[in-house]
Amino acid sequence: MIRSSLLIAVASVAVSGCALLSSPDPVQLYRFGGASAFAGTGATSACPDVQVSMRRVEFPEASRGDRVLAVTGAEAAYIKGARWVSPAETLFEESLRNAFLDGATCTVLSSGPLTRDGLLLSVDVRRFEAAYAAPGAVPDANIVVLLRLVRPGDRSIVAEDRISVSESAGENRQSAIVAAFDRATAEASRQIVLWTDQQGFQATRS
């Protein structure tokens, strides 16, 4: 009887050990920002160059990093088994900088000191999430961004605005949701570039 109990105990430890050493659920890595905001047409100069220095893109804490945020009403969670290949804020900024290279007609992004007429661009992403109207519904990739152009010399605000972009995933699958984020990021980048061009050009004429 004692020997039988001992065998059962050993078996139980072995089973629990297997559970502890089991492999974690697989995680699929995704990226966004590959879609061109301007279809790679390039820019043709139609106005004087406006030198702009873009500050590091700000992201809400819940959307930072490599997890994919999903929101249903007042509830928020991260999509299981999905990760961004790099932090979301890094991918978004890379996409935006590429959009300026592809589509800006006035704006010249600068990484060095600004000229006397240079401007400082702040890009504050307030929402970057997959929004569900109800559990299990088809989500939208929602992006909300606050923009501000400032003259560094006197810190005066040249212009500020808010843009909102929403792209339906079409179906409730990880790959479809990622594709919606890709399209939404491209559209948000396009709007930011056009807004910066317009406001920067007007600032040089005032």
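The structure is a predicted model, so local features are taken only at pLDDT of at least 70 and side-chain atom pairs only at pLDDT 80 or more, while totals for chains, interfaces and linings use all residues. Residues are numbered from 1 along each chain as its sequence is written, and side-chain values use heavy atoms, with hydrogens and water left out.

Helices (H or I, at least four residues) and strands (E, at least two) are DSSP runs, numbered from the N terminus. Two strands count as paired if DSSP finds at least two bridges between them. On that basis, E6 pairs in the parallel sense with strand E2 (residues 50-54) over three bridges, with serine 53 sitting opposite leucine 120. Strand E7 (residues 140-151) is antiparallel to E6 and joined to it by 11 bridges; valine 125 has valine 145 as its bridge partner in E7.

Aspartate 140 belongs to E7 and is partly exposed, at 28% relative accessible area. Beyond its neighbours within four places in sequence, aspartate 140 is in contact (heavy atoms within 4.5 Å) with Glu129, Ala130, Ala131, Ser166, Glu167 and Ser168. From aspartate 140 to serine 168 is 28 residues in sequence but 4.2 Å in space, C-alpha to C-alpha.

On the helical side, the axes of H2 (residues 88-103) and H3 come within 9 Å and cross at roughly 50 degrees. Axes are lines fitted to C-alpha atoms, for helices over the stretch in contact, with angles running from 0 to 180 degrees between N-to-C directions. The two helices are therefore oblique to each other, oblique being whatever is left after under 35 degrees (roughly parallel), over 145 (roughly antiparallel) and 65 to 115 (roughly perpendicular). H2 contributes Phe92, Ser95, Leu96, Ala99, Phe100 and Gly103 to the contact, and H3 contributes Thr185, Ala188, Ser189, Ile192, Val193, Thr196 and Asp197.

Serine 189 of H3 (residues 174-205) is buried, at 0% relative accessibility. Residues up to four places away aside, serine 189 touches Ala37, Ser95, Leu96 and Ala99.

Note on methods
Buried means under 20% relative accessible area, exposed over 50%, partly exposed in between (1.4 Å probe, protein chains only).
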